[in-house]
Amino acid sequence: MHKRFIGFIAIVILFSGCSLGLQQRWTDFNAYYNTFYNARQSYEAGMRSMNNQRFDINAERPIRIHRTPVRAGQADFERAIEKSADILREHRDSRWVDDALELIGKSYFQLGQYFSAEQKFNEILQTSLNDDIRQRAIYWRGRVYLETSRYTEGISYLTAIINADEFEWNRQILLETHLVLAQLHVQLEQWEDAAENLQFGVNGFRNDVLRSRASFLKGQIFERLNMQDQAIAAYNQLSRRYPEYQLLFLAELRQNQLLREIGDLDRAHRNFIAMSRDDKNFDNLSLLEFEIGRTLQAKGEADQAYLIFTNVLYNSLQAPSRETIAKTHYAKAELYRFAYGDFKMAALFYDSSSRSATDLTRMPEQFDAANLASSFGQYAQLSSQIARKDSLLYLGQLPLDEFEARILAIRDERMREFERLQRQEQLRGTTVINITEQQGQQSQEQTRDNGFLSHRNPQLVAQASESFAALWGSRPLVDNWRRQEAVRAAIIAMESGELDDDLPPEELALTGEIINVDIPAELEINLLEIPRAEADRDRMRNDIARLEYELGNVFYLNLNMPDSALIHYLRVAEDFPDAEIRPQAMYSIADIYLLNDNRETASEWAQAIIEEFPQSKVAERIASRLGIELTLTAAVLTEDEVAEQEFVSLLQSLPTLEAESRVTEFQAFTHRHPNSARIADAMFNKALAFAEIGRSQSSFTQLFEEREKLRKEWQLEQESFRMLQDSARYALQDTTLSSEKLSYFEAVIDSSLTQPDFDKLFPFVGSPWDSTRAALSYISDQFAGSRFAERSRAMLDVIQIPASLLPQDEPEAENEEVAEQDIPDDFIAEFVECNVLDEPLRFVKTNDDFLSDNDFYALMREQGVLSADFEFDITVDHTGTIIRVVSLIEEDPVGLTATLRELLLSEGSFSRPTSRGAPVQSTCYYSFSVDL
């Protein structure tokens with residue numbers, strides 16, 4: 001009996017345990033097939049939609065191993081979140097809770113809702129006991145850091161987790177986490193750390209797609225480490241099972257480009273030709289043709305390369321992309337620059353390359369077509385000016401008879417060209433006009449009534465006279481009237497002081513002789529530009545020397561071509577002994593020889609500077625550099641010479657100065673030398689320094705990256721919408737469509753997308769960018785004819801504040817206290833001239849109150865001075881605080897001027913200066929007139 005009871009209890013316990021196990025298995029089964037299975041299916045459908053989107057690889061920048069989510073499969077991911085949430089609500093006791101949380105986090109991630117995704121992965125790490133799921137949550141958190149640009153934080157997090165002993169890591173999850181860590185290092189350009197993590201992550205990783213992308217990224221990193229052989233090996237490691245053609249093509253392309261870089265030109269040439277003949281590469285034919293031309297260019301076969309580049313642009317079987325067009329123009333520019341020595345044509349092709357490169361992120365990182373176009377454009381402009389002035393100087397030095405013969409030859413040559421152009425214009429404008437019989441009769445009747453050329457019709461005669469006067473002016477009806485007008489203009493110019501009135505008698509006679517030569521005005525030959533007087537010739541020689549020096553600076557400072565710069569500096573030093581710029585040119589010559597370690601020749605030029613210009617700043621500077629002992633007295637230089645020396649010295653010191661220091665230095669230069677020819681140059685450099693300060697701000701980086709991301713998403717959305725419309729147009733060709741489908745497809749074609757609001761992410765905001773805009777606007781307004789004006793306008797087009805961000809109704813006057821509070825502590829105000837202020841500076845107190853409050857009247861009486869005038873240049877900052885006072889009159893013996901200057905600095909203040917509504921600094925004239 002006792003044994004039976006024990007057996008019964010055992011059976012009851014056994015069946016109770018089985019019942020509990022069966023119930024749990026039934027809960028898990030119900031949760032999976034009724035809910036989680038559907039959630040997983042939805043997530044996988046969303047991933048299929050995302051993976052079907054074109055993965056456009058930009059090989060010019062480090063690629064992403066894991067794709068950034070795009071706008072695809074949105075409804076599927078939302079459905080996956082909804083179904084997974086049902087698990088958490090209705091099946092909280094099932095084994096699929098952790099999986100549901102993971103699926104919700106992954107779905108949020110693919111939707112681009114990274115903050116919500118990170119919350120779910122954190123929840124997994126806090127609640128889950130499943131090591132694999134927790135490790136995957138760490139991997140996904142790493143991807144969240146990557147997509148939210150929190151690179152340093154992500155590196156610290158993943159490194160700490162990996163190095164800890166918390167997990168017995170799943171090998172595949174660990175390898176993929178290392179791939180994420182490598183991408184975080186790439187974003188910070190920590191190439192060695194990135195290569196180390198990639199090497200670890202690739203070995204043994206089973207996902208062919210990700211392993212191939214990782215190998216490609218490893219090749220890109222080795223390139224940046226100048227390890228070309230390892231880069232070629234990495235590109236060759238791409239899995240041949242990779243399903244997409246694009247990456248395989250780019251890997252093969254990069255291998256051959258690297259072969260060209262290391263000098264294996266014949267092998268690279270053969271490989272590029274083989275790739276171009278492969279049918280599967282037809283869509284990239286123009287790019288391959290470009291690479292063939294580049295390889296020929298590297299082999300020194302310039303003419304053959306030029307023909308291929310021309311074929312790429314105009315005759316390729318496959319239309320080139322904008323990036324290929326930009327690269328091809330760049331390559332042709334380099335042919336003209338290095339092979340043909342034609343810098344003017346190089347400037348044109350660099351400019352074409354810059355204009356074609358609409359997306360610089362898809363161009364090589366060293367692509368600098370815009371800067372080269374600007375520099376070579378300066379070369380073209382300066383060399384043209386030099387050639388023209390050289391020609392005018394040559395004509396000005398000719399004897400009388402040769403000068404007259406040359407002018408006549410120029411006139412005849414231009415007349416022939418003018419007549420040829422006229423004939424072309426007439427042929428181009430020839431048309432056939434059909435006149436109806438009625439129109440012909442009306443014309444005959446009008447001619448009969450009005451007479452020949454309508455001379456009987458006063459109204460028509462007056463109209464003809466006005467038309468003639470508008471074209472020819474009030475010209476006399478006599479022979480040689482044009483020459484008489486030129487003589488009259490020359491006399492007026494001499495009397496007004498625009499020309500020298502001490503022309504030698506033979507040159508006055510020459511003017512009279514040449515004037516007798518009839519030169520039609522339409523030929524645009526201005527004899528007054530020719531320097532016939534010696535003083536004019538000296539001025540033109542000085543102008544040519546200055547232009548040659550600037551041209552040397554273009555080669556030396558902008559293009560890093562010291563050998564070419566030396567040619568122009570030597571011309572200044574040797575051909576223009578009296579030029580004002582000569583000492584600076586000689587200093588630059590010595591500097592170039594020092595750069596080339598030719599100290600002996602540099603010392604010779606230094607000695608020449610010291611001997612010829614012993615009291616100049618240039619002599620002091622070169623003596624200091626070469627350790628030459630020199631006792632100098634105060635330099636006796638003109639203001640322009642001092643300004644030029646200071647500016648050249650400032651340019652040479654720029655690499656060592658921070659942006660804020662550059663702003664201060666250029667502001668000080670414009671203040672010290674307001675009439676210098678370098679003002680526009682200084683203002684432009686100051687604008688660049690302000691822009692560098694603006695770019696260094698974290699808010700700019702964040703807004704810029706977000707706007708670029710939004711722009712790329714908008715481009716993808718447009719492309720997808722165009723594809724949808726193309727499909728709709730094709731579908732409408734089906735005549736069997738139902739009315740509902742017909743209406744749908746027509747609605748798709750007629751619809752349009754709403755462009756995102758890019759203005760809300762406008763990054764060029766803040767005081768540094770305001771100062772940049774103010775400086776560029778000043779240059780474009782005040783120096784419209786300079787070479788900096790166009791560059792300023794181009795920059796303004798990019799950084800100009802959109803109209804939607806401008807205040808609609810600006811108040812006429814703002815409370816000064818409030819406005820002052822709006823100015824940040826690190827604000828750097830722009831320095832402007834006093835005459836461009838919005839309102840004249842206003843002394844806060846009246847002169848009488850200021851002088852009496854500070855006992856200045858009593859001081860004057862003590863000194864026995866009853867009447868005095870004081871004149872100052874007063875510099876104020878953006879708050880109206882006086883920061884500098886310079887007396888414009890000689891110091892008085894009793895020291896009243898010095899006392900008043902100190903009072904102004906300590907007690908005086910002005911109204912806040914503004915220009916174009918922005919706070920600025922300025923220097924203005926101010927005077928006190930005291931009569932006791």
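1. Start at a loop. Asn-560 sits in the loop between α23 (534-558) and α24 (562-575). The model is a predicted one. Phi of Asn-560 is near 55°. That is a positive value in a residue other than glycine.

2. Is Asn-560 buried or exposed? Its relative accessibility is 62%, so Asn-560 counts as exposed; the cut-off for exposed is over 50%.

3. Asn-560 also has a place in the surroundings of Phe-555. Not counting residues up to four places away in sequence, Phe-555 touches Asn-560, Met-561, Ser-564, Ala-565 and His-568, along with Phe-343 and Tyr-379.

4. Phe-555 belongs to the largest nonpolar core, which has 68 residues. Which members touch the most other members? They are Tyr-350, Phe-376, Phe-555, Tyr-569, Ile-589 and Trp-605. Helix α17 (residues 369-397) supplies the largest share of this core, with 10 residues.

5. Asp-855 is found between α36 (847-853) and α37 (856-863). Asp-855 is not a glycine, yet its phi is positive, at about 60°.

6. How does Asp-855 stand on accessibility: buried or exposed? Asp-855 has a relative accessible area of 53%. The cut-off for exposed is over 50%, so Asp-855 is exposed.

7. For checking the backbone, two residues go on the list. Asn-560 has its positive phi in the loop between α23 and α24. Asp-855 has its positive phi in the loop between α36 and α37.

How values were computed. Residues numbered from 1 in each chain as written. Predicted model: local features only at pLDDT ≥ 70, side-chain atom pairs only at ≥ 80, totals over all residues. Heavy atoms only, no water. Core = buried A, V, L, I, M, F, W, Y, C linked by side-chain atoms within 4.5 Å. Buried < 20%, exposed > 50% of the residue type's maximum accessible area, 1.4 Å probe, protein only. Helix = DSSP H or I, 4+ residues; strand = E, 2+ residues; numbered from the N terminus. Contact = heavy atoms within 4.5 Å.
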